[in-house]
Structure formats: structure tokens, C-alpha cells
Amino acid sequence: MTDIRELLLSRIRDVADYPEPGVMFKDITPLLADPAAFTALTDALAEIAERTGATKVVGLEARGFILGAPVAVRAGLGFIPVRKAGKLPGATLGQAYDLEYGSAEIEVHAEDLTADDRVLIVDDVLATGGTAEASVQLIRRAGADVAGLAVLMELGFLSGRARLEPALDGAPLEALLTV
């Protein structure tokens, strides 16, 4: 696992003062552009999906789509997008959550999840955990089980794990990298 961590870290670019002064943005686009790194990431996340017994992969808008869809294909599972409110056609199930300044809402097509599903949530970064926590609540409200949450990178200094662990209720939270 050390080799994959080194490979992934070597393909993540730090961008100072983006999107605002004082923030060190972790840009994953160089990782996505490198087929060996992107494949290694996809394989590692697919292994988590298989280990957790997931039957579906949920990707969180927007970079969770980029990571989650190939993970679902690699693991032979269905892929479900969790979108910002108002982006999905037809009947949806929504979950509101608080942000640092204001609130937001995410939605899913409820008919895409059933009581038989075990869902692995995939995203690029775990920061404060607000969106991930809302997705856990949304998946459970849709009647499915949460198999776990897998992210490329956890920003440990923002304490998202502490916020999420009670909501996950024993389901694993796996980060390939912690910074």
C-alpha cells in the first residue's frame, strides 16, 4: 500500500490560495490524467467496494462521479449519482444539510436504491464531512444500507471523520491518503 500512496501523492498538485487566500487546494487533475495512477486508484477503491460487500456505488457530485463510476464498473456494480438539488429529472429524495455559511441540499432518484442494496459512498476528499453525512442519511432514507465510505484523501485537520463516525454507525470509513 505504501507504493500506491506514494504514486497517488506524487500526482496530487498543491495550489496555494485557491479558491481563496490561505487555502491550499489539493488538485487531483494530474492524477486523473495519469493512466497508471488513475487505474491504481480505481483498483484500490474497487477492492474496498468488494471487501465491504457493496451492491451499488454512490458518487457525490462532482468529483465523486469521476472516481465512483469507474469503481462501479471495475467491481461489477451499479452506479448512482448523488446530485445537487434540482439537477435530477423525475421524482427525487432530498437531504438538506448545513454548510459553514448557509445550507445545501442533495438528491438521489429513490427508485435506484432498494432495501437489498449495500452502498459504498465514493468521493475525492473528506473535508468537514457535511456532504458525506447528508449522503449517509439520504441513502438510509431511500431504504438502503450503507456499506461504507471511501475517499481518495482525508483532510484530517478538518475533523470530518469525527463528524461522520456516529452517522456511519459502524460502517467503515476508508481514506487512501490522509493529509
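Predicted model: local features only at pLDDT ≥ 70, side-chain atom pairs only at ≥ 80, totals over all residues.
Local features need pLDDT of at least 70 and side-chain atom pairs count only at pLDDT 80 or more, while totals for chains, interfaces and linings use all residues. Residues are numbered from 1 along each chain as its sequence is written, and side-chain values use heavy atoms, with hydrogens and water left out.

**Exercise 1.** State which residue forms a salt bridge with K26, and where the two residues lie.

*Solution.* Step 1: a salt bridge is a side-chain nitrogen of Lys or Arg within 4 Å of a carboxyl oxygen of Asp or Glu. Step 2: the partner of K26 is D14, with the closest N and O atoms 2.7 Å apart. Step 3: K26 belongs to strand β2 (residues 24–27) and D14 to strand β1 (residues 13–16), 12 residues apart; strands are DSSP runs of E, at least two residues, and helices runs of H or I, at least four, numbered from the N terminus.

**Exercise 2.** Determine whether E133 and R163, which meet in a salt bridge, are buried or partly exposed.

*Solution.* Step 1: the N to O distance of this pair is 2.8 Å. Step 2: E133 lies in helix α5 (residues 130–141) and R163 in helix α6 (residues 160–168), 30 residues apart. Step 3: buried means under 20% relative accessible area, exposed over 50%, and partly exposed in between (1.4 Å probe, protein chains only). Step 4: E133 has 18% relative accessibility and counts as buried, whereas R163, at 31%, counts as partly exposed.

**Exercise 3.** State how many salt bridges a search of the whole structure finds.

*Solution.* The search finds 13 salt bridges. A network of salt bridges links E47, R51 and E174.
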